[in-house]
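These are my notebook entries on one structure. I set down what I looked up, entry by entry.

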Amino acid sequence: MNCNLFITFEGPEGAGKTTVIQKIAERLAEEKIDVLATREPGGIEIAEKIRSVILNPEHTAMDERTEALLYAAARSQHYFEKVRPALNAGKMVICDRFIDSSLAYQGYARGIGVDEVLSINEFAIGKKLPDMTILFDLAPEVGLARIHAHGEREVNRLDVESLAFHNKVREGYLQLVERYPERIYVVNADQNIDRVVEDVWSLIYEAIQ
Ligand SMILES: Nc1ncnc2c1ncn2[C@@H]1O[C@H](COP(=O)(O)OP(=O)(O)OP(=O)(O)O)[C@@H](O)[C@H]1O
Ligand SMILES: Cc1cn([C@H]2C[C@H](O)[C@@H](COP(=O)(O)O)O2)c(=O)[nH]c1=O
């Protein structure tokens, strides 16, 4: 078994990543696999502070380059302080969002350019990419409706972008699947949550064999 993997979860708002990560982390622990579950932007104090600056709905004046750089700064701190030490200690790391979020949201949907955003991220974390990425694919209106219906978390500055923006994010993710077919696996997130968990578990189980 190879359990020393860095696995990231990607997708639009309300796709179910957080919910599924919790269930997968429990299942991995039952299998006696040493796992660290974390998230971006955030996961450690400095990055959580950057998160609150980026996502504050009052920060409507934030320039898109500032946004891209803040995500990259939070990623750098989180990666070197938390993710890399856990990987070096032999753990599996599962992370709610990582570099592909920046490529899809800032590179593609904001229009900065995927290669430009990739290059600032290479400065931030080097050329490290996840071993495996699971993309939760879903029409953005379905995910946004879930967030508004459940009201479990505050609506942030990115949630309130236009539907056209969120559709571009989805398009950006699907282009990344073509760019990195050996790394990114797509799961249909518009299914019953237990079905989504099973689909994700099958992918991870196969990867660790
Ligand atoms: N497959 C599903 N079917 C119905 N509701 C779901 C499903 N998956 C998640 N939900 C609900 O949708 C809401 C958002 O889920 P969750 O927080 O897991 O999504 P997320 O992808 O982490 O979102 P975000 O990236 O915006 O934080 C929650 O209320 C959750 O219970
Ligand atoms: C890492 C990262 C995130 N984003 C966006 C995606 C979401 O709209 C928010 C994070 O909120 P969540 O509840 O944790 O999903 O930030 C981004 O635009 N670029 C990134 O690199």
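I began with Glu13, which, leaving aside its neighbours within four places in sequence, is in contact with Gly143, Leu144, Ile147 and Asp159. I count two residues as in contact if their C-beta atoms, placed from the backbone, lie within 7 Å.

I note that this is a predicted model, in which local features need pLDDT of at least 70, side-chain atom pairs count only at pLDDT 80 or more, and totals for chains, interfaces and linings use all residues. Residues are numbered from 1 along each chain as its sequence is written, while chains are lettered from A and ligands numbered from 1 in the order in which they are written.

Entry on the loop. I found Glu13 in the loop between β1 and α1; helices (H or I, at least four residues) and strands (E, at least two) are DSSP runs, numbered from the N terminus. Is Glu13 buried, exposed or partly exposed? Glu13 is partly exposed, because 19 other C-beta atoms lie within 10 Å. The cut-offs are 20 or more such atoms within 10 Å for buried, 12 or fewer for exposed, and in between for partly exposed, with C-beta atoms placed from the backbone. Pro12 is found in the loop between β1 and α1 as well, and Pro12 is buried, since it has 26 other C-beta atoms within 10 Å. Not counting residues up to four places away in sequence, I list Leu138, Pro140, Gly143, His166, Val169 and Arg170 as touching Pro12.

Entry on the record. The unreviewed UniProt entry gives the annotation "binding site" for residues including Pro12, Glu13 and Lys17. UniProt positions are in the numbering used here, feature names are shortened, and annotations may be inferred rather than shown by experiment.

Entry on ligand 2. I looked up its surroundings and found, among them, Glu13, Arg39, Tyr71 and Leu158; a residue is near a molecule if its C-beta atom, placed from the backbone, lies within 6 Å of it. Helix α4 (residues 99–109) supplies the largest share of this shell, four residues.

Entry on α1. Helix α1 (residues 17–30) has 14 residues. Which residues of α1 are buried? They are Lys17, Val20, Ile21, Ile24 and Leu28. They lie on the same side of α1 because they cover an arc of only 100° around the axis, taken from the directions from the helix axis to the C-beta atoms. On the other side of α1, I found Glu26, Ala29 and Glu30 exposed. The buried residues of α1 pack against elements including β1 (6–10) and α8 (193–208).

Notes:
The expected span of a helix is 1.5 Å times one less than its number of residues.
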